[in-house]
Structures are given as C-alpha cells and as structure tokens.
Amino acid sequence: MKIRNIILVILITASLYAKSGQLFYNLGDFELISGKVIKECKIGYRTIGVLNSDKSNIVLYPTWFGGTSEQIENLIVKRKFIDTTNLFIVIVDAIGNGISISPSNSKEQPNDKFPEFKIEDMVNSEYLLLKNVFGVDKIYAVIGGSMGSMQALYFAVMYPDFIEKVVGYVFSPKLSSYDLLQMNFMKTIIEKGTKYNIPDDEIMQLVDISTAIQAKSPSGYYKDKDESEFEKYFSKFFEKKDRIFTKYNYYYQLKAMIELDIFKKMDNKKFNQIKKLLIYSTSDHILSPKYAEKMDNFDNTQLVKLEDDCGHMAVDCNFSYVRDLINKFLEK
C-alpha cells in the first residue's frame with residue numbers, strides 16, 4: 001500500500017510539473033508599433049502543468065531582463081515558486097533575450113541592423129502566441145518580475161479584457177530619474193565601447209560590474225561579500241563567458257525598458273477592474289520605489305513592500321513569504 005501511495009504521489013507530481021521543453025512559435029514578419037518589421041520573428045516558450053478543458057487556467061509568465069524560459073522553468077519546478085496544481089503556465093522568452101528572435105540570432109537583421117522594439121512589442125508578440133497557439137480569448141493571469149513585470153503591467157494596459165489578474169514583483173510602472181541615470185549609464189558604456197572598438201567581452205564586463213553595484217544596497221553587500229574575499233569575487237567578472245544575452249541583445253532590451261511608462265496608454269476604468277498583486281522593494285536601486293508606491297491609488301490593488309537591504313534581489317531574500325503571497329493570490 002505504501003508503495004502504491006508513493007507511486008501515486010510521483011505520478012501526480014509529474015503531471016503538475018509536466019514540462020514541454022523549448023518550443024517556438026513563428027510569427028513570420030512581425031510589424032512593430034513603430035511601423036518597422038522584424039523579419040522571420042520566432043518566439044520561444046515553454047509550458048508547465050495541465051491545461052484544463054475550458055482553457056481557463058492559463059498563466060502567462062514573461063522573462064525578466066536577459067532571462068530565459070528555462071530559468072523560469074527551473075524557478076517553478078525546482079524551487080516550487082508557483083503551485084501549478086490548477087494552473088497551466090506559459091513561459092515566454094521576451095524578444096531580444098537570445099532565445100526568441102534577437103539581434104544575436106537574426107539571419108536577416110543581425111546585431112545593429114535589428115529594428116528597435118518596445119516593451120509593448122514584446123506584449124503584442126505574447127498576445128498573438130496565446131491567441132494563435134492556444135486559441136483563447138482570455139487568460140487567467142500574467143505574472144512577471146523586473147522586466148517581466150513591465151510586460152505584465154503593459155498587458156493590463158493594452159489588453160485589459162484579456163486577463164483577470166496581474167502579479168508584478170520588483171516592479172515599477174515608470175522609471176524614476178535615478179533609474180534612468182543608471183540605465184542610460186549602461187547604455188552609454190555599450191555605445192562608447194562599440195564606437196572605440198573595445199571587444200564585446202570587455203564591454204560586457206563593465207556592464208556586469210555596473211549591474212552588480214546596483215543589484216543590492218551597500219548594506220546588503222556587506223552581508224554577502226566580505227572584504228577578505230573581494231579579490232576572488234571581483235576577478236570573476238573578467239572570466240570568459242559564453243553569452244546568449246550578447247552585447248546587442250542587452251542594448252536593445254535595455255532601450256526598450258528605458259521608455260517604460262504605463263500611464264501614457266492607461267484606461268483607468270479598465271485597469272482598475274483587474275485584480276493586481278504588486279510587490280516592490282524599498283531599497284531597490286534598479287527599479288526604485290518612487291512610482292511603485294503610487295500604484296496604491298488604483299482599485300483592486302494589493303501593494304506589498306519588502307523592507308530590507310536586499311534591493312532588486314528582495315524576492316530571493318524573502319522567497320517563502322513572496323511565494324506564499326503569489327500562490328494565495330493565484331488560487332482559483
């Protein structure tokens with residue numbers, strides 16, 4: 001009897017975390033909101049869980065800046081970040097991440113020949129994938145962290161009748177002047193490095209150091225990085241890396257984020273009807289809390305602040321708490 005129970009548990013667990021592996025949807029020539037066209041536009045995605053009979057349990061999970069669907073799959077399956085008991089998760093690789101169509105893998109528009117795109121274009125590609133691959137007129141929810149939360153919020157603005165719930169963590173609806181300063185600094189590093197023919201690896205080493213400086217507050221670093229180990233830690237930035245998220249991929253996604261401002265296209269009445277769980281960090285140095293705090297003015301919004309020194313990594317520092325919040329919010 002015990003063996004039967006063990007087998008049953010294994011089978012149930014396997015179905016809940018049923019994984020599709022890497023899949024692709026070909027959009028063909030995809031027109032951007034600028035009027036420019038991405039040729040041979042393919043979008044990468046993965047699924048986890050079981051789609052119910054009326055397709056009412058779909059949750060879209062777009063990738064964060066430079067993230068991949070494989071990384072989010074690991075977050076869900078290995079760390080059990082999302083309870084998929086009653087949910088079917090569609091994880092989508094955002095345009096420019098090196099898996100979906102990107103400057104690094106485009107045959108017809110490689111690197112600097114790639115057309116500039118916006119967060120809204122990422123959302124449009126994800127909307128078409130859901131409509132055409134899964135044949136739905138509405139999904140249950142969309143969830144995302146960092147740049148993924150930008151896509152989630154734009155989804156609520158652009159397609160308010162298409163979703164019931166939104167989850168955004170370490171989020172912002174608009175960039176503050178401080179956010180713009182540090183993002184434009186990294187953008188300038190890439191532009192100046194390219195202008196003076198600095199090797200891509202060396203440019204990205206500087207970008208990685210800048211990102212590390214911003215990832216946590218100073219006191220957050222005190223806890224993680226002892227001065228006695230600094231040389232070993234710092235030397236890792238200069239190790240040779242095989243990058244899917246190349247210089248141009250980074251540059252194009254970064255430029256898309258710099259234009260973030262969901263308020264420009266918002267229909268307040270429709271936006272207020274969507275249930276929202278929004279989680280931000282008071283010590284975030286990448287997406288500062290200035291505009292996150294203003295989301296408390298909207299209806300149906302559960303705004304949660306994480307008060308510690310973990311900065312943009314606050315979710316990882318409060319993993320169990322955030323996981324419980326999200327899963328309770330997503331309960332069907």
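The structure is a predicted model, for which local features need pLDDT of at least 70 and side-chain atom pairs count only at pLDDT 80 or more, whereas totals for chains, interfaces and linings use all residues. Residues are numbered from 1 along each chain as its sequence is written, and side-chain values use heavy atoms, with hydrogens and water left out.

Because 12 of the 12 residues of α9 are buried, the helix is largely enclosed by the rest of the structure; buried here means under 20% relative accessible area, exposed over 50% and partly exposed in between, with a 1.4 Å probe and protein chains only. Among the buried residues are Lys-247, Tyr-250, Gln-253 and Lys-255. Packing against them are α3 (119-134), α4 (147-158), α5 (177-195) and α6 (200-215), with contact defined as heavy atoms within 4.5 Å.

Helix α6 has 16 residues and reaches 22 Å, close to the 22 Å expected. Its buried residues include Ile-203, Met-204, Asp-208 and Gln-214, and the elements covering the buried residues of α6 include α5, α7, α8 and α9.

Both helices also take part in the largest pocket, a space of about 1400 Å³ whose lining draws at least two residues each from α2, α4, α5, α6, α7 (218-224), α9 and α11 (314-317). A pocket is found on a 1 Å grid over the protein atoms alone, as an open set of points where a 1.4 Å probe fits, with protein on both sides within 12 Å along at least five of seven lines; lining residues have an atom within 4 Å of a point. Grid points are joined across faces, edges and corners, and the volume is the space filled by probe spheres set on the points. Of the 49 lining residues, Trp-64, Phe-65, Thr-211, His-312 and Met-313 lie nearest the centre. The largest share, five residues, comes from α6. By class, the lining has 27 nonpolar, 12 polar and 10 charged residues (Ala, Val, Leu, Ile, Met, Phe, Trp, Tyr, Cys and Pro count as nonpolar, Asp, Glu, Lys and Arg as charged, and the others, Gly among them, as polar).

The second largest pocket holds about 220 Å³. Its lining includes Ile-209, Tyr-221, Lys-225 and Phe-234, and α6, α7 and α8 (230-235) each give two or more residues. Nine of the lining residues are nonpolar, none polar and three charged.

Most residues other than glycine have a negative phi. Lys-55, in the loop between β2 and β3 (58-62), has a positive phi near 55° and is partly exposed at 31%. Lys-80, in the loop between α2 (69-77) and β4 (88-92), likewise has a positive phi near 55°, with 45% relative accessibility.

Definitions and conventions
Helix = DSSP H or I, 4+ residues; strand = E, 2+ residues; numbered from the N terminus. Expected span 1.5 Å × (residues − 1).
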